[in-house]
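Trainee: I am new to this structure and would like to walk through it with you. Could you show it to me?

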Amino acid sequence: MKIAPLLLASLLALLPRECPATGGGTPYRFNRAPLAANALAELPPGSIEPQGWLLEQLRRMRSGMTGRLDSLYAPVVGPRNGWLGGDGDAWERGPYWIDGLLPLAYILRDTALQARVRPWIEWTLTHQREDGYIGPLPLASDPPPEPGIQKVPREDWWPRMVMLKVLKQYFEATADARVVSCLTRYFRYQLKTLPAKPLDHWSFWANRRGGDNLMVVYWLYTITGEEFLLELATLIHRQTFPWQRVFLNEHRSPGSSVAHLYPYNTKNRYPFADSLIERLSVGQVQSFHGVNLAQGIKEPVVYFQQSRDSSGIRAVKRALREIDLYHGQPQGMFAADEPTHGTNPTQGVELCSVVEMMFSLETMLQITGDVELADRLERIAMNALPAQIADDVMSRQYFQTANQVLVSRARRNFFEEMYHAGTDLCFGLLTGYPCCTCNMHQGWPKFVQNLWYATPEGGLAAMLYGPSAVTAVVAGGVRVRITEETFFPFDESVRFIVQPDRPAEFALTFRVPSWCAGATLAVNGIPRTTGRNRLLTVRRTWTKGDTVTLRLPMRISISRWHHNAAAVERGPLVYALTLREEWSAVKNGDRYGDYHEVRTTDPWNYALLDSLLADPAHGFDVVSRTGDTLHPWSPGNSPIELRTVGRRVPEWTLYGNEAGPLPHNRPRFSSHFGRGTETLEAIRLIPYGCTTLRITEFPVLE
Ligand SMILES: [Zn+2]
């Protein structure tokens, strides 16, 4: 029997193979030389099963928007979608939805959901043009515009990058060899076409987001080893916005924004003038579009696999620090209510930025194994992500803010307030802008996918924690199932029950988060010396029923933000002032559709006391509460609260429909002026992810 070379390549890719970096055996995908060896390999979708609250979260996605978007948002992701061969929307939103629905369907092993994904895959695979082009075909003339539908530019490189992510996941889930041949032909088309029509030929998005294209090129190279892919990768890197150079620029004054990069200016296209690039830095207000930054940040690390130049990694770590410093909010994200917008806790964070930042961190974590990236990922997933999506997953916010005391349709100090008619904070399907409606679905499923990784030596690594079970093949070809029993991030202890098919020697690695001091690890109840390493590795012969107990003590700590405002943290969770929330449904006939507003009559203008922050172990009582442990992410179910006292600051009031400018911290001057009220009041803080209305960054008084 003759097997087509491509088919053979993809079949071989599925077989266990020697890892060139270590000589150990692992069936999982580690980079083919000359690419730098990746530290960790993803397991196929379905290998990691969420349990407990994580499973409930995915179930709510299935019964909510994720599982029903084609009926809720039929004009865009229904049968008229261009990626199904229709005459309708032909841009990013169809592929966005599938990029989250697909991993959800395979993680839940839900064949009905998988069947809903398949038409999108089939149409793309079976309608590839002769020259390799995939997706909605260009039309002889522009179709008549329809409000809310993105029909053009149909040939833009950018939405194809999302479909590349989809096809990669589909292959990992099904081993359908057609994916390998389809992508090979598409990448040949790219290599031939990009010199004349570079990434920013149709829109600037592809130029900023080239890293997403690049990562799939390397993935395919590891499968097929075809040399032209490295040539293509070099070309894509060269045509992508030079993130690495910009990240390594010295910071320029935040006042001197280079606003002509945003909105997109046709004069600033590839190739970029050195004079432009050298004036840019992450710290500037308005220098980058938020989602572009969240996606673009991974490019230097993705390209590192080919360049092997570690300055790519250094550049990204510096960029992460600068993002915190100049635009950061405590939930792990950065303010960019379209472009980057400084540290004020009432500036907006877009939901697309949240899930894309998570995906970028997941991608970089696999390449580098760097625990700092896992810390950041955990912070975003456990704080920002649950806060911005409604409990029933039927609505979401376009923007969230750290100090959010009123969710209503009103003008606010966001860059884009002119054209979203004040709906950015409202919970809806179409409020703000509908990119997030389609893109948000990748958040939780991909987080589940990244709880566990294979290591090159045939072991497994738990880089993030959550109730789950993993089934994987370890050194010696032994199948092992590990159940992870925990109520993390609300609980300090994580218990692993290891069940290999037969006794097997392999290593288990556990990450110690940066917030944790004094982590302990015991195997079958016997403590192991853990040292100070942030990665604890236990190599031994494991037998059925062995247990590992990891304790990650959580202590209250204080972090400082805008104008030295204080945020309260404990373990992976940021805590925020809880406010009684009154949700009201608003019927609305314009293009933003129906939505919910959320208001409170509770006072929110509290300052924390300097003396209590100086000694948080005594300044706060940690109280465990009983609630619905399957859905802890709501104020009523919050499993933990911190109790303390605060002092109201009468002059801190609503301004511009948001918590007004933060009162300047003034503990040292409090005896002269600005004491706030005399009365100390008991206040309660709950995890940020449980709140919709909140104060997270507090002024400090004495
Ligand atoms: Zn969005």
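**A guided tour**

Mentor: Let us begin with Ile313, which is found in helix α16 (residues 311–327); helices (H or I, at least four residues) and strands (E, at least two) are DSSP runs, numbered from the N terminus. This is a predicted model: local features need pLDDT of at least 70, side-chain atom pairs count only at pLDDT 80 or more, and totals for chains, interfaces and linings use all residues. Residues are numbered from 1 along each chain as its sequence is written, and side-chain values use heavy atoms, with hydrogens and water left out.

Trainee: Leaving aside neighbours within four places in sequence, which residues is Ile313 in contact with?

Mentor: Contact means heavy atoms within 4.5 Å. Once neighbours within four places in sequence are set aside, the contacts of Ile313 are Val301, Phe304 and Thr368.

Trainee: What distance separates the C-alpha atoms of Ile313 and Leu72?

Mentor: Along the chain, Ile313 and Leu72 are 241 residues apart. Between their C-alpha atoms the separation is 41 Å.

Trainee: Is Lys168 buried or exposed?

Mentor: Lys168 has its place in helix α7 (residues 157–174). Buried means under 20% relative accessible area, exposed over 50%, and partly exposed in between (1.4 Å probe, protein chains only). Lys168 has 14% relative accessibility, so Lys168 counts as buried.

Trainee: How many residues of α10 are buried?

Mentor: Helix α10 covers residues 210–224 and has 15 residues. From its first C-alpha to its last, α10 reaches 21 Å, close to the 21 Å expected; the expected span is 1.5 Å times one less than the number of residues. Just after α10, Gly225 takes a positive phi of about 70°. The helix is largely enclosed by the rest of the structure, because the buried count is 15 of the 15 residues.

Trainee: What arrangement do the four donor atoms make around the zinc ion?

Mentor: Donors are N, O and S atoms within 2.8 Å of the metal (3.2 Å for Na, K and Ca), and water is not among the atoms, so sites may look incomplete. Here the zinc ion is coordinated by Glu350 (OE), Cys352 (SG), Cys435 (SG) and Cys436 (SG), at 2.1 to 2.3 Å. Four donors count as tetrahedral if all angles lie between 85 and 135 degrees. The angles around the zinc ion are 97 to 122°, so the arrangement is tetrahedral.

Trainee: In β9, which residue is the bridge partner of Pro50?

Mentor: β3 and β9 (residues 468–474) run antiparallel and are joined by three bridges. In β9, the partner of Pro50 is Ser468.

Trainee: In β21, which residue is the bridge partner of Trp583?

Mentor: Strand β20 (residues 582–586) and β21 run antiparallel, with five bridges joining them. The partner of Trp583 in β21 is Val598.

Technical notes:
Four donors count as tetrahedral if all angles lie between 85 and 135 degrees; four count as square planar and six as octahedral if opposite donors are over 155 degrees apart and all others between 65 and 115; anything else is irregular. Two strands pair if DSSP finds at least two bridges between them.
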